[in-house]
Amino acid sequence: MNIVITARKTTVKDSFKERVEKKLAKFDRFFDDATATVVVTNERERETVEITIQSMGMFFRAEKTTGDRIDSLESVTDSLMKQIIRNKSKLQKRLRSNAFVEPVADEPAYEEENVHVVKVKTFPVKPMTEEEAILQMNLLGHAFFMFRNADSGEINVVYSRRSGDYGLLVPETE
């Protein structure tokens, strides 16, 4: 696994880098060729560790903030492991074939959660610009809004980010 570590408003010591490599080595059994991006941020006594693993077009992402960088790393790797194991039936076709055969002894067992849709909502998807979609999202008080882009004709999603800015999701055609 290729690991890229980025530090924001802080520095990362070699001992922490080694610990990250050791923690992410657990995920090697799931992925043939993956890239892990680790972002470490320090803001006002709070240490945030964000890990994004990209493999074969799939993204696994988790972020944790605690008072200690090591605790954040532990929590975020546990969250990623839970994500992968929770979705193992869906992922078995895309991940290594023997990834889920033998559990590793030092990892806690995670129970699978049954996911069921409790509500289905349909609505017309009208062509509009990104600015109109953001306005509509804000008027509805939602965190995201799906719309048909008037310029491209594609279905897009706008969403509000924690920073107060907005993001745009655009489908990638293969």
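**Why these labels? A chat about a predicted model**

Mentor: Buried residues (under 20% relative accessible area, with exposed over 50% and partly exposed in between, 1.4 Å probe, protein chains only) make up 30% of the 174 residues in the protein chain. This is a predicted model, where local features need pLDDT of at least 70, side-chain atom pairs count only at pLDDT 80 or more, and totals for chains, interfaces and linings use all residues. Residues are numbered from 1 along each chain as its sequence is written, and side-chain values use heavy atoms, leaving out hydrogens and water.

Trainee: What makes E43 and K9 a salt bridge?

Mentor: The term asks for a side-chain nitrogen of Lys or Arg within 4 Å of a carboxyl oxygen of Asp or Glu. The side chains of E43 and K9 meet at 3.9 Å, N to O, so by that definition the pair counts. E43 lies in strand β2 and K9 in the loop between β1 (2-8) and α1, so the pair ties together parts that are 34 residues apart in sequence. Helices (H or I, at least four residues) and strands (E, at least two) are DSSP runs, numbered from the N terminus.

Trainee: Why is K9 called exposed, and E43 partly exposed?

Mentor: K9 has 65% relative accessibility, so exposed is the word. E43 has a relative accessible area of 44%, so E43 is partly exposed.

Trainee: Which residues does the salt bridge of E47 join, and are they buried or exposed?

Mentor: E47 pairs with R69 at 3.1 Å, N to O. E47 sits in strand β3 and R69 in helix α2, so this bridge ties together parts 22 residues apart in sequence. Both E47 and R69 are buried.

Trainee: How many salt bridges are there in the whole structure?

Mentor: A search finds seven. One of them joins E50 and R61, with the closest N and O atoms 3.5 Å apart. Salt bridges that share partners join E50, R61, E63 and R162 into one network.

Trainee: What makes a nonpolar core?

Mentor: Buried Ala, Val, Leu, Ile, Met, Phe, Trp, Tyr and Cys residues, joined through side-chain atoms within 4.5 Å. The largest core has 23 residues, of which F27, F31, I51 and I53 touch the most other members. Its largest share, six residues, comes from α2. Apart from it lies another core of six residues, including M137 and F145.
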